[in-house]
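The following paragraphs lead the reader through the structure shown below, from individual residues to the division of the chain.

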Amino acid sequence: MTIHADHSAPETAVEDQAADVRTKFGISVEDYMLPARHQIQMVNPDGTLRSHDEQGTEPGHEYPTPGDSELMAAYEQLVVGRRVNDQNSALVRQGRMAVYPSSHGQEACQVAAAMCLSEGDWLFPTYRDAVAVMTRGVDPVEVMTIFRGDWHGGYDPKEHNVGIQCTPLTTQLLHAVGVAHAAKLRGENTVVMAMCGDGATSEGDFHEALNFAAVFHLPVIFFVQNNKYAISVPLSHQSVAPSLAHKAVGYGMAGERVDGNDLVALLAVMDRAVKLAREGSGPLLIEAHTYRMQAHTNADDATRYRPDSEVAEWQAKDPLARMKSYLTDKGLLDSAANERIAAHAEAVATQLREGLGEDVPVQPLDLFKYVFAKQTPQLKEQSELLASELARAESAGATHNTGTESAK
């Protein structure tokens with residue numbers, strides 16, 4: 001389905017969109033844009049498969065179950081992601097990382113977001129999406145470099161088509177839309193995944209990104225991981241919309257809700273979203289209902305704003321336990337596969353311990369070297385000042401050492 005915006009005749013564009021939706025899905029454009037009445041969920045928290053009638057699907061919102069090989073590959077990444085989250089939390093306590101925003105409990109969202117993309121597509125993550133970046137193929141130590149407090153992001157975005165993990169809230173959505181717009185102008189068959197949390201939907205950049213993507217009909221999937229809190233602010237204090245996915249219709253794009261702890265449903269919904277975007281259906285907004293099991297970061301005390309009973313309720317919906325049970329009952333996951341996957345996860349954890357345990361040589365002048373392609377007069381002056389101070393300190397140290405040796 002290809003929909004072309006005609007700014008000289010907006011009524012024609014809307015009519016064409018409605019006709020395309022009726023032809024492809026047999027429903028009205030309003031029913032296409034609005035999310036299904038119930039969130040898409042294929043597997044129960046106990047790992048049992050829901051019947052088709054209970055999965056939340058309806059005409060125009062239908063999702064085939066992913067294939068066995070895709071499910072097994074996704075489960076392996078899920079296990080690796082959980083082990084990485086736990087390992088990084090330990091590394092923070094040991095002082096090897098300055099900070100780590102754990103995605104413990106949200107790993108299914110991140111694995112699905114990365115796995116649904118093709119090699120030429122782009123992923124724009126947030127600071128909490130390290131598991132998605134790793135699933136995309138970026139070296140784990142490079143992914144975590146930013147959390148050591150280094151001056152750079154750790155990896156080359158162009159090598160993997162992965163944007164740097166953004167700490168400023170929502171700015172990555174604008175980057176994503178810009179890349180999608182450029183790809184469209186070049187005639188490239190690129191889909192862009194723009195990740196954010198529920199807190200980002202309260203930002204002006206969220207509105208600007210979605211509106212621009214809709215007006216220019218760009219192949220962007222806005223993936224909102226709704227973990228119920230913007231740090232300590234609950235969703236009820238951010239929005240009273242029926243769901244965050246309902247915001248899509250206000251921009252003229254399709255929205256959908258999915259159980260963010262159900263990896264099977266996530267893969268189904270995200271695979272279809274990528275397919276629609278690549279076919280020319282324009283941007284889509286996917287809201288995944290999930291939960292951040294641990295604190296916002298190691299500097300946060302989550303007990304101040306959420307009760308233990310709420311955490312326990314979500315613990316029973318753990319995506320890893322759910323997927324393991326489902327695959328075991330399905331006959332895909334046996335003891336040999338479990339051992340192989342666990343060994344892979346442990347190897348990644350070992351790689352992180354060793355890589356982040358090494359002291360990185362500090363080059364103070366690098367502070368000024370990569371800010372601008374052509375150094376400004378102010379930075380040049382500051383760089384020269386620091387260089388002279390370093391030279392004096394080195395000279396003083398050498399003199400001190402010489403004096404010490406003479407005294408011996």
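**A guided reading of the predicted model**

Arg 257 is located in strand β6, which spans residues 254-259. The model is a predicted one. Arg 257 is buried, yet no salt bridge is formed by this residue. The nearest side chain of opposite charge belongs to Glu 287, at 5.5 Å, whereas a salt bridge requires the nitrogen and the carboxyl oxygen to lie within 4 Å. What does the side chain of Arg 257 reach at 2.7 Å? It reaches the backbone oxygen of Arg 37, and a polar atom of the Arg 257 side chain also lies 2.8 Å from the backbone oxygen of Ala 36. Leaving aside residues up to four places away in sequence, Arg 257 touches a set of residues that includes Pro 35, His 38, Gln 39, Ile 40, Ser 243, Ala 245, His 246 and His 289.

Among the other strands, β2 (residues 192-197) is mostly covered, with five of its six residues buried. Strand β1 (residues 122-124) pairs with β2 in the parallel sense over three bridges, and Trp 122 has Val 192 of β2 as its bridge partner. Strand β3 (residues 220-226) also runs parallel to β2, joined to it by six bridges. Gly 197 stands opposite Gln 225 in β3.

Most residues other than glycine have a negative phi. Asn 161, which is not a glycine, has a positive phi of about 55 degrees. Its place is in the loop between α7 (157-160) and α8 (171-186), and Asn 161 counts as buried because its relative accessibility is 14%. His 217 likewise has a positive phi of about 55 degrees without being a glycine. His 217 sits in the loop between α9 (204-215) and β3; with a relative accessible area of 13%, this residue is therefore buried.

The structure holds 15 salt bridges. One of them joins the side chains of Arg 278 and Asp 121, with an N to O distance of 2.6 Å. This pair links distant parts of the chain, 157 residues apart: Arg 278 lies in helix α10 (residues 263-279) and Asp 121 in the loop between α4 (107-115) and β1. Asp 121 is buried at 1% relative accessibility, while Arg 278, at 25%, is partly exposed.

Another salt bridge is formed by Arg 304 and Asp 300, at 3.7 Å from N to O. Here Arg 304 counts as exposed because its relative accessibility is 61%, whereas Asp 300, at 15%, counts as buried. The side chains of Lys 380 and Glu 384 meet at 2.6 Å, N to O. Both residues belong to helix α15 (residues 377-407) and are four residues apart, about one turn of the helix. Lys 380 is partly exposed at 42% relative accessibility, and Glu 384 is partly exposed at 46%.

Ala 312 belongs to helix α11 (residues 308-315) and is partly exposed, with 47% relative accessibility. Ala 312 and Val 79 are 233 residues apart in sequence, and their C-alpha atoms are 21 Å apart in space.

At the level of the whole chain, the protein is divided into domain 1 (21-356) and domain 2 (364-399). The centres of the two domains, taken over C-alpha atoms, are separated by 42 Å.

Definitions and conventions
Residues are numbered from 1 along each chain as its sequence is written. This is a predicted model: local features need pLDDT of at least 70, side-chain atom pairs count only at pLDDT 80 or more; totals for chains, interfaces and linings use all residues. Side-chain values use heavy atoms; hydrogens and water are left out. Domain bounds come from an automatic or database domain assignment. Helices (H or I, at least four residues) and strands (E, at least two) are DSSP runs, numbered from the N terminus. Buried means under 20% relative accessible area, exposed over 50%, partly exposed in between (1.4 Å probe, protein chains only). Lys and Arg count as positive and Asp and Glu as negative; His and the chain ends are not counted. A polar contact is a pair of N or O atoms within 3.5 Å; within protein, one must be able to donate a hydrogen and the other to accept it, and residues adjacent in sequence count only if both atoms are side-chain atoms. Contact means heavy atoms within 4.5 Å. Two strands pair if DSSP finds at least two bridges between them.
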